[in-house]
Amino acid sequence: MSEWNATTYEGKDTILRVVRHEAERMFALADRPDAWERGTACTEWTTRDVVGHIVDTTEGYFRAFDAARGTGEVPPPHGPAAMSELANAGATAFRGVGQAEMMDRLRADFHKMQELLSALGPEDWTGLMVTHAYFGPVPAFFFAAGQLMDYGVHSWDIRQTSGRAHALSGDVADLLVPFMWSIWQGTVRPEAVGEPFTIGIRVGGRNGGDFRVSVGAEGLTYEPGEIESLPALVEFDAADMVLTAFGRINGGTVRGDMELAERYLNLFFPI
């Protein structure tokens with residue numbers, strides 16, 4: 001299943017294909033005049049703001065890749081705790097720009113980012129370290145996942161207020177599962193940790209499995225392993241894990257110690 005693991009070069013074509021598919025779905029949603037000012041699952045954001053956020057984020061990626069190749073500079077990373085405030089400022093800065101102009105800019109940025117990522121070879125995909133605005137230096141493949149988060153999860157956000165039942169694509173969810181561990185690791189609230197503990201997380205899908213997750217003063221760590229003997233485990237399908245990690249839903253099925261499982265589920269600050 002390595003073609004579904006975007007942390008490897010074998011997964012490159014798969015994730016870029018799925019990003020293209022999700023981007024087209026996003027364009028179709030955001031092009032509609034009746035959707036532009038409609039609220040989304042992101043609190044206080046309309047479709048217009050989601051588009052502004054993706055433009056702001058993608059153009060930040062361009063600067064980050066320039067800096068990684070020695071042709072520009074980026075400021076030190078802000079840290080995940082600053083993401084909510086700064087991402088909101090970046091998204092809402094475009095509120096005075098019309099829909100047609102923003103959609104043209106979104107498409108242009110998307111195609112430029114696809115060209116940038118498509119040109120990466122095996123060494124750069126995993127070895128080129130690029131400074132993410134919030135998570136710091138990460139391998140180049142992380143930015144392909146960032147595009148999938150933007151187009152896949154934010155399309156879900158727009159559909160959530162459409163009045164129609166909908167779901168997250170399995171391809172999107174499966175590809176994003178490995179990156180949700182980074183999201184969780186980066187958003188632990190230190191004051192919420194308390195006594196160290198270990199629980200099990202069972203995830204479905206192509207990148208799923210059983211994981212032993214330990215939380216303590218050093219943060220959150222995880223590894224594949226046996227979980228049935230642990231005091232609590234939480235089962236997620238791939239989409240539930242992604243949407244829970246992003247704070248969109250309260251997902252998961254708890255087996256065992258409910259109080260311990262809820263300690264885990266309430267560890268994280270929103271982004």
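I started with the strand order: 5 strands make an open sheet, running 5-4-3-6-7 with mixed pairing. The model is a predicted one. I then looked for the edges and found strand 5 (219–224) and strand 7 (253–256), each pairing on one side only. From one strand to the next, the twist averages 25°.

Next I checked how strand 4 meets strand 5. Strand 4 (residues 209–216) pairs with strand 5 in the antiparallel sense, over 6 bridges. Within these strands, I noted S214 opposite T221 of strand 5.

**Helices on the sheet**

Which strands does helix 7 touch? I found strand 3 (197–203), strand 4, strand 5 and strand 6 (232–236). The direction of helix 7 makes about 155° with that of strand 5.

I looked up helix 9 (residues 258–265) as well. Helix 9 lies across strand 3, strand 4, strand 5, strand 6 and strand 7. I read its angle to strand 3 as about 80°.

**Helix 1**

I turned to helix 1 (residues 12–30), which has 19 residues. From first C-alpha to last, helix 1 reaches 27 Å, close to the 27 Å expected at 1.5 Å a residue.

I then listed its buried residues. In helix 1 they are K12, T14, I15, L16, V18, V19, E22, A23, M26, F27, L29 and A30.

What covers them? I found that the cover includes helix 2 (47–68), helix 4 (99–118), helix 5 (122–127) and helix 6 (141–160). Helix 7 (170–186) is also included in that cover, and helix 7 packs on the sheet too.

Technical notes. Residues are numbered from 1 along each chain as its sequence is written. This is a predicted model: local features need pLDDT of at least 70, side-chain atom pairs count only at pLDDT 80 or more; totals for chains, interfaces and linings use all residues. Side-chain values use heavy atoms; hydrogens and water are left out. Helices (H or I, at least four residues) and strands (E, at least two) are DSSP runs, numbered from the N terminus. The expected span of a helix is 1.5 Å times one less than its number of residues. Buried means under 20% relative accessible area, exposed over 50%, partly exposed in between (1.4 Å probe, protein chains only). Contact means heavy atoms within 4.5 Å. Two strands pair if DSSP finds at least two bridges between them. Axes are lines fitted to C-alpha atoms, for helices over the stretch in contact, and angles run from 0 to 180 degrees between N-to-C directions.
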